Amino acid sequence: MRIVRWPGALLMFIVMSVLAGLLVAVALTPAVAVAGEGTSGAAEFFEDLPSYLDIQTPQQVSTVYAKQGGHEVPIASFYAENRVNVTSDQIADSLKQAAIDTEDPRFHDEGGIDVVGTLRATIADALHQGVQGGSSITQQYVKNVLVQQCEQLNGTDAASTKKKVDACYEKVAGQSKARKLQEIRYAIAVDEKYTKDQVLTGYLNIVGLGGRVYGAEAGAEYYFGVHAKDLSLVQSATLVAILNNPSNLRIDQPADKTNGAANGYALTKVRRDYVLRRMYAHGAITRDELAKAVATPIAPEITATANGCSTAATKYDAGYFCDMVRSQLLADPAFGKTASDRIATLDTKGLSIHTSLDLDLQGHAQNALSSYVPTTMAGVDAGGTNVTVEPGTGRVLSMVQNTAYTQSDAPTAGATAVNYNADQAIGSSSGFPTGSTYKVFTLADWLANGHTLSQSVSTTEHTFPQAEFTNSCTPVGGAPWMVANAEQVPSSMTVLAATVESINTAFGAMAEQLDLCGIQKTAESMGIHQADGSAPDSNPASVLGTNPLAPIDLAEAYAGFANGGVACTPTTIDSVTTASGGTIRPTPATCNRGVSAAVAGTVDYALQGVLSGAGTAASANPGDTVPKFAKTGTTDGDEQNWLITSSTKYTNATWIGNVQGHVRLANWPFLQGTTGYSAKFGVGKQMMTYLDGAYGGGALPAPDPAMIGTPAKAKTATPSTGSGARQGTQAAGQQAAGTQTQGTQTQGTRTPGTQTQGTQAPASSGPAAQAPAAQAPAAGGAAVGGAAAPPAG
């Protein structure tokens, strides 16, 4: 067999030796090589190979920032490879020297390739004497760059992506002669284009150091908790040891039997000591330094860089906000044409993502919510959220909920990945019925159609035939709409008083005089859509808040009223810079006029009364001088409970209710002696107190005197049908008997656990009163009638 193989091996030896000699000519004296007749063919051969080497900036960690005490604070990181690019002066000299002395002692003298090493490896390979190390640092740099480019490839799906990446790996890292020749040619090109210091710095920034850790800075921080410029001799030698075989020599697996804490990371220590001896052999360290270093045990201090939103969640209670940042970035074409491009941008481009989050406000919001709504409760799947947006910009200033953020496939009790503040597209939430907070859109449409706040409407009708309503969007039909109030009210009320006290039958009567389609369009113009992205329903029952909405979208709409009728879509990203110093301009919030300034100002005027006198949120008023307005919302049985408050500088939305199921929360005990109904007032009062101090607010948009009108007197009180019971309502084309929708089934009484079928209108609350039209709408006057159960709005 030896006799048969020897001629082939000899021929290969001769061919490879000739090629190696030509490589030497090209590498050492390229000009002479091209001019000489004997080597001109080889030069042309190398010129035929791609001469343009696209060395991109290595993949780097993207960091998300928020503001705390006026300073930018990192709260989250995203990366495919944990790497932080640094400059040459940010890398310890001991690390540079260790790499050169061990990996390529002739680095400063060679022309891109280690000629001696290449000849030795070529001959050994031709004679089948095993794999021999022959790659220079420049060649290793080239190979790492090409491998990184492979990792950035994308296919149409996971399978096609893997196929592309695997094929690319084979091309740039396989054991073929063509691959090796291409690598050598690229190395020569790199050596001609860059200085030795640039090549060495690039190499130390790109090398793998085990797992997802890449480059000197990330390696120094991860394994030793120091910056690359502060590495000691021993630490530098250890990192160079690891880069020789990252998978087997990494020192972050203490339980590993062959290379773990029990044996002092024996395999890594052998290689580290070899590195130290090479440094001594080349005169980089003294004999005493060698002895001391060799005697030093390997002692890692692992400092992991979390990938994703876990740090934001555990350290700042901002996991859901962070997740919204990621979702918005990955949906924004400013960061790439395709979803794959945008993922690559986030995970590899070293972005600095500056967000709208105020960590001081975030901490206060979490404390306020958690002081009333626990993470878990026996017998009910209760949720709670609080979100603050900035009127006029849509910037999300804070976002909290009662659960712990997790991306686990098997979350523990009290933890979820679902962001209850957001809709399905952003937070995978199906939203929640809003109760009377939706009445603001009927009020706005009422004013836009020539009606006034002082106009009186009947409160006595409890059975509304579908035929009495107009809907130019969709046909109206079906069973009559049954509506009730939670207590006795006058037989008629001004629209102002009905708004302040949130009287259901009054808003039913108002809707009869309007086009239900117009109410729907008003809501849409202020940014409202159902949580699944569809348009809000426009059946009669929708007037009282049966559409499932996301808290942040409702906050957006109310912020629009505070902003003179211009609503802005929620946004979390202020600015983005790349690792190279460039900028990416995120798609800005979309701001559209939803209602006229006159309508907005008059709506604000009416809603100010909700925080005083007989208003449904009077108990939440912090009693300061900042102008603001509010609206409450409660579905039947207090299954879902809302409070929206706003000044010109902030809009804050609180939701507390059933995440799943239909437990009646009217008398369900929550923290601090509250119930599922009343807890929102405690949260809202704490938030308004803080926000008024931190953000304040100017004069609200002025009302239109013509839209206020002339006040009328209250009439005789009429008892609510069912003596305070909440009557079910059947929405046109909605629910068939025997079926239920979360938050929309009838409750006969406030006793938890009882229910009947149908789609109910949330009952209103509060005593009836008439507010003077030309004054602040404080809803004065004595209460008429009453109910033992807590009021709902």
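Angles under 35 degrees count as roughly parallel, over 145 as roughly antiparallel, 65 to 115 as roughly perpendicular, and the rest as oblique. The model is predicted, with local features needing pLDDT of at least 70 and side-chain atom pairs pLDDT 80 or more, while totals for chains, interfaces and linings use all residues. Residues are numbered from 1 along each chain as its sequence is written, and side-chain values use heavy atoms, without hydrogens and water.

**View 1. Helices H6 and H8 pack at an angle of about 110°.** H6 covers residues 137–151 and H8 residues 177–193, with axes 9 Å apart; helices are DSSP runs (H or I, at least four residues) and strands are runs of E (at least two), numbered from the N terminus. Axes are lines fitted to C-alpha atoms, for helices over the stretch in contact, and angles run from 0 to 180 degrees between N-to-C directions. The two helices, H6 and H8, are therefore roughly perpendicular to each other. Residues in the contact (heavy atoms within 4.5 Å) include Tyr 141 and Leu 146 of H6 and Ile 184 and Val 190 of H8.

**View 2. Five strands form an open sheet in the order E2-E1-E3-E16-E17.** Pairing, which takes at least two DSSP bridges between two strands, is mixed in this sheet. Strands E2 (71–78) and E17 (583–584) are the edges, each pairing on one side only. Strand E1 (residues 62–68) runs antiparallel to E2, joined by seven bridges. Tyr 65 stands opposite Pro 74 in E2.

**View 3. Helix H18 lies across E1, E2 and E3.** H18 (residues 359–370) runs at about 50° to strand E3 (352–358).
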